[in-house]
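Hi everyone, thanks for coming along. Please have the sequence and the 3D view open while I talk.

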Amino acid sequence: MHDGKGKFYLGTQNQLGPAVFDSKSETFDLYSFSGAMTLAQSSHGDGWVGNGGGGAGLSRAQLKGSGQIERETVGGSGGSLAAYDIAVDSKNNVYGGDRTSTAIWKVDAKTLKQTFYPIPDKPRGLEGSVGGGMRRGTIDKQDRMWWGGFDGGFVGMLDTKLPAGKEMKLFPVPLPWFQPYIAESDDAGYVWTGSISADRVARMNEATGEWTVYLLPRETNLRHIHVQRSGNGGPSSLWVGMNHQARIVHIEPLEK
C-alpha cells in the first residue's frame, strides 16, 4: 500500500514481518512482526501494520523507523478476528475476514469496538461455488468494502452506513469455477475482479448487475489487481500481474 507521500508498506509474509520502502531515499526499513501471514496497510501517512490471527484478535502496530515497533492487540471477544486480508477505510477503521469466516468484521479505530456482519447463505455462483468467506478486500471512496468470495463464486460488498440487516450484498459471477480472489471498485459504478483459478477477469455494472468478461492472453496466478480510474468520464481499465509469466497486462474496455 502507498501512503501518497512516497512510502510503500509491504507485507513480506514468508519473512514474517512488514517492510517500508522509502522511494525518496530508495531504502528499506524491515520489522520483526511474528504471524502466519503479515498484512501491511498504510494509515494515510501514519504507517501501521495489522495481522489477523484467529481468536487471538487483531494486532496493530505503529512503525517508528529503524525497525522499532509500538504494538497493541485487539482482542477477539465478539468472535474471531481471523483475517486472510484486512482493509482500512478513510477513518482508519479496520475490516477483515477469512476464507472460513461466516461474517465480515469491523474494528472501530477510536473505540476498538468490534462489529460482525453475517455473510448471507445466498446467492452463490455456479459450479465450484460451495462456500463463503473472503480472500482479498478493498475499500472504495464511499468507505464500502469489496472482496472476493473465492469459495462462493461471488463478489461481496459491505456498506456499514446502511440499515441493520441490509449492509451486505453479494454478486455471483456468471462463470463456473471462476473463484473471485479480489474485487475493487472504480468509484464510478463498476467493480473489477479476477482469480488465481481463471484465465479471465470480469467487470460488473453495479447498478444493473451485468457482467463483462475479458479473456487474458495467457493463464495467470492472479493475486492482486489495480483499477485505473478514468479521468475523462470514459471506462476504467485494469492492470494485472501475470504472476508466472513475468509480464503485466492492461485491460482497456472500449466502452462502458
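Let's begin with a word I'll need: contact means heavy atoms within 4.5 Å. Before using it, a note on the source: this is a predicted model, where local features need pLDDT of at least 70, side-chain atom pairs count only at pLDDT 80 or more, and totals for chains, interfaces and linings use all residues. Residues are numbered from 1 along each chain as its sequence is written, and side-chain values use heavy atoms, with hydrogens and water left out.

Now find Thr102, in the loop between β9 (94–97) and β10 (103–107). Strands here are DSSP runs (E, at least two residues), numbered from the N terminus. Leaving aside neighbours within four places in sequence, Thr102 is in contact with Pro118 and Ile119. Is Thr102 buried or exposed? With a relative accessible area of 64%, Thr102 is exposed; that word means over 50%, with a 1.4 Å probe and protein chains only.

Next, let's look at strands that pair, meaning DSSP finds at least two bridges between them. Strand β2 (residues 18–22) runs antiparallel to β3 (residues 27–30), and four bridges join them. Asp22 stands opposite Thr27 in β3. The two strands form a hairpin with four residues between them, and Glu26 in the turn has a positive phi of about 55 degrees.

Finally, go to the open sheet of three strands, in the order β20-β21-β22, with antiparallel pairing. β20 (225–228) and β22 (247–251) are at the edges with a single partner strand each, so one side of each has no neighbour in the sheet. In β21, Leu238 is the bridge partner of Val227.

Notes
Buried < 20%, exposed > 50% of the residue type's maximum accessible area, 1.4 Å probe, protein only.
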